[in-house]
Amino acid sequence: MDDIVLKLAVIGAAGIAAQWCAWRLQLPAIVLLLAAGFIAGPATGFLNPATDFGDIYRPMVSIAVAIILFEGGLTLKFKEIRETSTAVRRIVMYAGPLTWAMAALAAHYIGGLSWPTAIVLGAILVVTGPTVIMPLLRQAQLDARPASLLRWEAIVNDPIGALFAVVAFEAILVSIGLHQIDNLVMLVIVGFTVSLGGGWLAAKAVVWSFIRGHVPEYLKAPVLLAAVILVYALTNMVLEEAGLLTVTVMGVVMANSRIASLTDMRRFKETITILLVSGVFIILTASLSIADIKSLDWSAALFVATLLFIIRPVAIMIATIRSGATIQERILTSWIAPRGVVAVAVSGLFGTLLADVGVEDAGRMVAFTFAVVVTTIVLHGFTLAPLAAFLKLKKTSQPGILIVGGSRWSTALAAKLNEAEVPVMLADQNWNHLAEARLANIPVYFGEVLSESAHHAIDPKRFSTLIAAGDNDAYNALVCTDFGPELGRDRVFQIGRIDDKARQALSFTLGGRSLTKEPVTFLDLREKLLKGWTFQLTRLTDEFGWEAYQAARTEGAMVLLWIKPSGSLVFASTTKNSPSANVRILSFALPRDGSKAEAASKTARKAEVTAAAKTSSDEGNNRS
């Protein structure tokens, strides 16, 4: 018992350590997870999942895969697929069967596998693996369209590929006389009907119970998790592995419903999924034996090469003809198709089942699948970002700053950031607050940044930082709290609190970090701007360093951030380190020349009066 607990602890620790190292070193996490599993299993013999966990090994992996696919379905919103829906539909409908047929032929004639094993293996390799694609997309920073195309294909194809394998296995049983053809047809029809209908009904039932208040808030995430496992198990009783399609459909339906607490549940499920993906990859890699590895020869290598360089590109290019996808997107999709957890788990299941009915080389299917998984993860993991950059499908500019709250102060800040070539966008739901920014050719978003429309219109990956600079302290805190989990709590800032008294102050768990070292309110910043304060950009050099800059700046000057030569931003309120040479310091200060300050003050006051008059005129026209 203690030995099993120790091994589970090692799996968990190794999985999270691999994820952290991947984040720190900017490497594909799946590659490190595979390495950890290989070290724990075939290399050292420390972990042998089938022996260590016994009868619960395969059900444990199956439930983990179901939860992973459900969480993937929760990320699929129909609004995100409008531009690529035709391409996704054709890839699922046409590329899947084409891949199945060509992979089966290659496995038999090139890999030397028997027809039963080759046909089932071809079906399994239809899947492309959200457990691999999602971490890769997180690091590759692709444009929205190709990222949506790869994500939808991976999540939808996983259960489809598993069901193809079921159909192939049942067809083999029919061919050797163990099942009747009419039973196969009925089983497939009933299985698909139950999968699609069961997933839709389960999602609608959960949504109804949540919206009507039949489930308390603290139980929603546990109830949802239990419902996913139950639905998966019940559907599998009708048709093996059909539960994967059921939970995927359930996730997609819930993702497109209107549940107020869906964001919190999605974050909870994402946390669980990271743990499960880490653990399952290590366990499945550790289950590979030295004998399986030695069974791979030149024919297996040639089969993998054929799959990657011929079968996948041909299938995608044919399926996406006149689909609306650009040639660059089609090339990227034809290359990027890493396999993951589902392929390994399903191959292990059907390898055992085929061996039970007398297929002699069924065990080689697991080794072939692992060869494809390892090869695709390594090759695609390290080539996705460079290929996307070559095809101009990757965001080339460094992440910028999203400023929420239009005002003269925030417009001046955005203008100075624009001058420094830092990508910036100013957002406000008041059209007049964006007038000056539009005249200055500053990108703006007119609307509520917390709305679902803004989530699709404003790609968060374009921005590494958010600054809430409105005149409402509570709204600033709400914006920072909402964007914090996505951007990182250390990358959301707001201008100072209006009142720090205990009765008026917001909870420390709400809001973002202070933009300035000493909190300054919206009214203070507005007043300073009217007095002639301006944003200043100063470059430090070896001769004019940080100490010289401090001695030269005016009294009360606020250092907001500095820009490194690489384009990365460091906010002064978050660090005690001093900037080095060759950085540019952005500050808000009173110019040293008093006459210029006075002139700037008069100009600012005149513009303020003009803007106020225009606002009053617009409001009068609206009332008329």
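Predicted model: local features only at pLDDT ≥ 70, side-chain atom pairs only at ≥ 80, totals over all residues.
Axes are lines fitted to C-alpha atoms, and the angles between them run from 0 to 180 degrees between N-to-C directions. The axes of helix α16 (residues 341-356) and helix α17 (residues 363-390) come within 8 Å and cross at roughly 165°. Angles over 145 degrees count as roughly antiparallel, and α16 and α17 are therefore roughly antiparallel to each other. Their crossing is right-handed.

Attention may now turn to charged side chains. Eight salt bridges are found in a search of the whole structure. One of them joins E153 to R312, with the closest N and O atoms 2.7 Å apart. Because E153 belongs to helix α8 (residues 144-175) and R312 to helix α14, this pair ties together parts that are 159 residues apart in sequence. Both E153 and R312 are buried.

A further salt bridge links K416 and E419, whose closest N and O atoms are 3.2 Å apart. These residues stand three apart in helix α18 (residues 408-419), so about one helical turn separates them. K416 counts as buried at 16% relative accessibility, whereas E419 is exposed, with a relative accessible area of 53%.

K531 and E527 also form a salt bridge, the closest N and O atoms again being 3.2 Å apart. K531 is partly exposed at 45% relative accessibility, and E527 is partly exposed at 40%. Elsewhere, salt bridges that share partners join D3, K7 and D52 into one network.

Helix α14 (residues 298-319) also contains I318, which is partly exposed with a relative accessible area of 46%. Together with F309, I310, V314 and I321, I318 makes a nonpolar surface patch of about 460 Å².

Definitions and conventions
Residues numbered from 1 in each chain as written. Heavy atoms only, no water. Patch = residues over 30% accessible without salt bridge, like charges linked within 9 Å, V, L, I, M, F, W, Y side chains within 5 Å. Areas by Shrake-Rupley, 256 points an atom, 1.4 Å probe, with all protein chains shown as cover. Salt bridge = Lys/Arg side-chain N within 4 Å of Asp/Glu carboxyl O. Helix = DSSP H or I, 4+ residues; strand = E, 2+ residues; numbered from the N terminus. Buried < 20%, exposed > 50% of the residue type's maximum accessible area, 1.4 Å probe, protein only. Parallel < 35°, antiparallel > 145°, perpendicular 65-115°, else oblique. Left-handed = near helix turned anticlockwise from the far one by under 90°.
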